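Work through the following exercises with the sequence and the three-dimensional view side by side, and try each task before reading its solution.

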Amino acid sequence: MTGFDIAAVLIAIAAVAGYLNHRLLHLPPASGTLAVALGSSLALVLVDAVVPEWHLRSTTTAFLGDIDFNATLMRGMLCFLLFAGALHVDLEGLRAHKWIVGSLATIGVAISTAVVGLLTWPAFRLLGVEAPLLVCLVFGALVSPTDPIAVMGLLKDLNAPKSLEVQIAGESLFNDGIGVVIFFALVSLAGLGGTSARPLHFDSLGLAQFFLQEVIGGTALGLALGFVGFRALRSVDDHPLELLMTLALVMFLYVLAFWVHVSGPIAVVVAGLLIGNPGRRLAMSRRTREHIDAFWGMLDAILNAVLFLLIGLEVVTISSGWHAMLAALVAIPIALIARLVSVAVPLTVRRVIGTSVPGLLPILTWSGLRGGISVAMVLSLPPFPARDMILAATYAVVVFSILVQGLTMRRVLLYFAVGTTRPAV
């Protein structure tokens, strides 16, 4: 199938899933699309088991095999989704909570990676699978960053306090870039090929150079090209041209980041914050703002629908062996424990527990949704003995976080008297 054929099929299925959710399930778009796709995948697996001569599972697997999920998301969709999310984050609010956001997006991700790896290592051994500690730490890096795509979709549906919204959105926008950097570093150290990670030496100097180049370099590149885009937008008043300029900025910035080996996600987020705040106030007319918001909102909705559809459909390709199922069940509480620890430590160090939002620790813990970035990274891993278990465990964490944590987040906010009083759908 050609790329256009695949895109046409996915868009059509996403539209059907969205329609079924709108008419029958009434769930938030991301959760609803995932639920429909997941239910369809499970039904397909059951039908294939009853009527194997129809070859439904093999046909679906072959179709999904034509889609490079990692390249589609990490080298394509992600830049648009991150920019669309960053456009609407309040930069002043982010500055007010910079220490919480910064520590959660850096120290928190590192702590979560370590906790997941250290708990998974003995758990996998008990399940009869020998996985080196570095491989378990790779799994920790997979499920530690909260997904900005899933989180931003959740925040759109909740009437949470602005300060809490800024903290959750800010962390999710930045920690995916940090998580990707940690993932590539650990993949290289573990000797797993098949990704774009550059070879690293297991010494503090080599790792420090790698992180500085990726993180500081991505921030600097985002600021530089974001400022160029801001000045260009300020010099014209033609909304079709300005819309094209924002699109060009995102695409070229992301490609350039990969060329010069810095973090593309961080660069795009920084540029989005610049365009969405001083750019929105000083470089855009009211008509331009309306058109840009409408365009990026529409693109965000379409790509979100396709992304969560793919996550649900990819379940068909997961091994259904007992070891994989047990690994999936064990991974969920491990991920929640790691998230709790990774949030508690920075909050305790900053002495902010109980000073900002009631129940901040459980709220931040439960709002740690995982999504497409975790799936894209795990699918980039080459075959190795524990890969099927790690793949199943990653999918379990992602699906649980979106369908269980995402759908109960409003109740958590209501419990601590910080959320909307609208009835849950």
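Two residues are in contact when they have heavy atoms within 4.5 Å of each other. Keep in mind throughout that this is a predicted model.

**Exercise 1.** Find which element holds E171, decide whether E171 is buried or exposed, and list what E171 touches beyond four places away in sequence.

*Solution.* Begin with the element: E171 belongs to helix 9, which covers residues 162-189. Next, take the accessibility, where buried means under 20% relative accessible area; because E171 has a relative accessibility of 2%, E171 counts as buried. Finally, leaving out residues up to four places away in sequence, the contacts of E171 are V101, L104, A105, T146, V166 and R339.

**Exercise 2.** Describe the largest pocket by its volume, its lining residues and the elements that contribute to its lining.

*Solution.* The volume of the largest pocket is about 550 Å³. Its lining is made of 22 residues, and those nearest the centre are L42, V315, I318, M325 and A328. Two or more lining residues come from each of helix 2 (29-50), helix 14 (322-350) and helix 17 (387-415), and of the contributors helix 14 gives the most, with 7 residues. Sorted by class, the lining has 18 nonpolar, 3 polar and 1 charged residues.

**Exercise 3.** State how many disulfides the structure holds, and then classify C79 and C136 as buried or exposed.

*Solution.* The count of disulfides is 0. Turning to accessibility, C79 has a relative accessible area of 4% and is therefore buried, while C136, at 1% relative accessibility, also counts as buried.

Definitions and conventions
Residues numbered from 1 in each chain as written. Predicted model: local features only at pLDDT ≥ 70, side-chain atom pairs only at ≥ 80, totals over all residues. Heavy atoms only, no water. 1 Å grid on protein atoms, 1.4 Å probe; cavity = no way out; pocket = protein on both sides within 12 Å on 5 of 7 lines; lining within 4 Å. Points joined across faces, edges and corners; volume = space filled by probe spheres on them. Helix = DSSP H or I, 4+ residues; strand = E, 2+ residues; numbered from the N terminus. Nonpolar A, V, L, I, M, F, W, Y, C, P; charged D, E, K, R; others polar. Disulfide = S-S within 2.5 Å. Buried < 20%, exposed > 50% of the residue type's maximum accessible area, 1.4 Å probe, protein only.
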